[in-house]
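Student: Hi, could you walk me through this structure? I am new to it and would like to go step by step.

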Amino acid sequence: MKFSKFGEKFSQRSGITSLMEDLNHGLMSDQDIVMMGGGNPSHIPAVQAIFHQHLQAIINDPIKFKHLIGVYDAPQGDMAFIRSLAKLLNQHFGWPISDKNIALCNGSQSAFFILFNMFAGEYGSGHNKKILLPLCPEYIGYGDIGLTADFFATNRPLLKDCEEYQFKYAIDFDNLTINNDIGAICVSRPTNPSGNVITDTELARLNQLARENDIPLIVDSAYGSPFPDIIFTPVNPIWDSHVIISMSLSKLGLPTSRTGILVAHEEIIAKVAEANAVLSLSTGSFGSMITQELVDNGEIIRISRELIKPFYQEKAEQALALIRKLFPNKQCKCHKPEGAMFLWLWFEGLPISNHTLYQRLKARGVYVISGHHFFPGFNDNWRHRHECIRVTYTQDKAVTERGLKIIADEVNKAYAEG
Ligand SMILES: Cc1ncc(COP(=O)(O)O)c(C=O)c1O
């Protein structure tokens with residue numbers, strides 16, 4: 001059978017496909033696998049109990065239940081939820097937004113498909129524009145969603161040393177080129193995979209550049225505030241007429257609800273709603289219905305701050321302590337974990353590539369992600385790209401310890417092979 005370019009594009013092996021396959025294989029396998037590759041949020045009992053209670057209340061209410069299973073929402077999303085969310089963001093951050101500034105999507109991954117292709121690709125004149133990722137490594141899921149080739153422009157970051165053999169990436173503004181070939185800027189904050197959180201100063205500079213060039217600045221806040229608030233460093237979110245904030249209910253603990261949230265200028269929101277209608281008629285109601293009351297009474301913020309953030313922060317600290325113990329000779333540097341749910345480990349001068357390390361670890365039942373996948377559009381032959389891996393620390397401490405021990409063993413063997 002023959003496929004169009006579009007059909008062929010999605011059958012190419014991409015980083016995100018292999019990640020999701022590994023995740024599924026890990027779940028289905030009888031082998032005792034240590035899954036440190038996926039981005040599945042942890043099952044936090046106290047948080048799940050709250051969702052259980054709200055779902056039960058919907059099931060017990062015949063009108064709500066009918067809505068849950070039997071009524072298409074508007075292409076912009078569940079309007080009652082959108083109004084409540086606008087009010088919450090208004091009260092919480094003082095953002096001057098209304099229900100015209102918010103659209104839901106079926107997961108923020110789908111939101112990025114729409115947004116990126118709306119601002120990058122071919123413009124009327126035949127001129128192609130790109131999405132600028134000002135700092136790589138960046139989220140693996142961006143890599144393959146462009147409908148045209150040569151979709152991203154990206155840069156090496158600066159590396160800053162931090163305490164206890166940690167390091168932190170910073171945007172290299174001196175080498176950041178923004179010209180007429182850039183359709184939008186995008187940054188995840190906190191960043192998946194590194195756990196980096198760009199500073200308020202960096203964000204303000206990006207905002208200024210976006211404003212000067214009359215292009216949107218997309219801030220992917222899948223792990224950010226006000227929910228799920230998996231962010232361990234005191235920074236502030238921003239809002240401006242050309243800023244697009246992407247949020248999600250996934251890392252709050254509802255990844256199967258596939259609820260992504262975009263907050264943007266009303267002209268953009270109207271276009272996203274139209275794209276939703278074409279691509280999927282309407283958005284799923286499960287996420288908005290189950291969290292409606294939590295948004296109305298602001299509980300979603302308390303749950304994030306008091307239950308979700310401390311849970312992940314404690315796990316990050318435990319994993320860091322293990323790394324210090326397992327790599328006493330400092331063969332492993334770790335990006336300062338400022339948020340999200342991953343550790344980004346850097347083995348400087350590793351004689352094998354991170355992809356080979358990934359394969360050796362997989363053969364021993366430990367699934368990680370090779371860092372080279374996290375550089376969409378990166379043409380620079382930078383050794384650092386082949387020296388890092390991403391590990392998830394969301395599982396039980398004993399499981400993380402077992403995984404990290406095997407990683408330390410394989411890394412030490414590789415250094416010894418030299
Ligand atoms: C940075 C980032 N953005 C977006 C997404 C997409 O999330 P979802 O489609 O579940 O909302 C993820 C998922 O892991 C992510 O890590």
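Tutor: Let us begin with arginine 258, which counts as buried because 20 C-beta neighbours lie inside 10 Å. A residue is called buried if 20 or more other C-beta atoms lie within 10 Å of its own, exposed if 12 or fewer, and partly exposed in between, with C-beta atoms placed from the backbone.

Student: Before we go on, what kind of model is this?

Tutor: This is a predicted model, in which local features need pLDDT of at least 70 and side-chain atom pairs count only at pLDDT 80 or more, while totals for chains, interfaces and linings use all residues. Residues are numbered from 1 along each chain as its sequence is written.

Student: Which peptide bonds are cis?

Tutor: The bond from serine 225 to proline 226 is cis, with omega near 5°, and the bond from phenylalanine 227 to proline 228 is cis as well, with omega near 5°. Proline 226 sits in the loop between β9 (217–220) and β10 (243–248), and proline 228 is placed in the loop between β9 and β10 too.

Student: Switching topic, how is the chain divided into domains?

Tutor: The protein chain is divided into domain 1 (12–47 + 305–412) and domain 2 (53–301), with bounds that come from an automatic or database domain assignment. Taken over C-alpha atoms, the centres of domain 1 and domain 2 are separated by 24 Å.

Student: How many residues are in contact there?

Tutor: On the domain 1 side 38 residues are in contact with 42 residues of domain 2, where contact means that the C-beta atoms of two residues, placed from the backbone, lie within 7 Å. Helix α10 gives the most to the side of domain 1 that touches domain 2, with 6 residues. That side divides into 19 nonpolar, 10 polar and 9 charged residues; here Ala, Val, Leu, Ile, Met, Phe, Trp, Tyr, Cys and Pro count as nonpolar, Asp, Glu, Lys and Arg as charged, and the others, Gly among them, as polar.

Student: What about the largest nonpolar core?

Tutor: The largest nonpolar core has 113 residues, and those with the most contacts inside it are Ile131, Ile185, Leu262 and Leu345. Such a core is a set of buried Ala, Val, Leu, Ile, Met, Phe, Trp, Tyr and Cys residues joined through C-beta atoms within 7 Å. Domain 1 and domain 2 both give residues to this core, so it lies between them.

Student: What is isoleucine 185 in contact with?

Tutor: Leaving aside neighbours within four places in sequence, isoleucine 185 is in contact with residues including Leu132, Pro134, Leu206 and Ile218.

Student: Now helices: how do α3 and α9 pack?

Tutor: Helix α3 (residues 45–60) and helix α9 (residues 286–296) pack at an angle of about 110°, with their axes 9 Å apart. The axes are lines fitted to C-alpha atoms, for helices over the stretch in contact, and angles run from 0 to 180 degrees between N-to-C directions. The two helices, α3 and α9, are therefore roughly perpendicular to each other, since angles under 35 degrees count as roughly parallel, over 145 as roughly antiparallel, 65 to 115 as roughly perpendicular and the rest as oblique.

Student: Which residues meet there?

Tutor: Phe51, His54, Leu55 and Ile58 in α3 meet Met289, Ile290 and Glu293 in α9. This contact of α3 with α9 divides into 5 nonpolar, 1 polar and 1 charged residues.

Student: Last one: is tryptophan 346 buried or exposed?

Tutor: Tryptophan 346 is buried, with 21 other C-beta atoms within 10 Å, and it lies in strand β13. Not counting residues up to four places away in sequence, tryptophan 346 touches Lys333, Glu387 and Cys388.

Methods:
Helix = DSSP H or I, 4+ residues; strand = E, 2+ residues; numbered from the N terminus.
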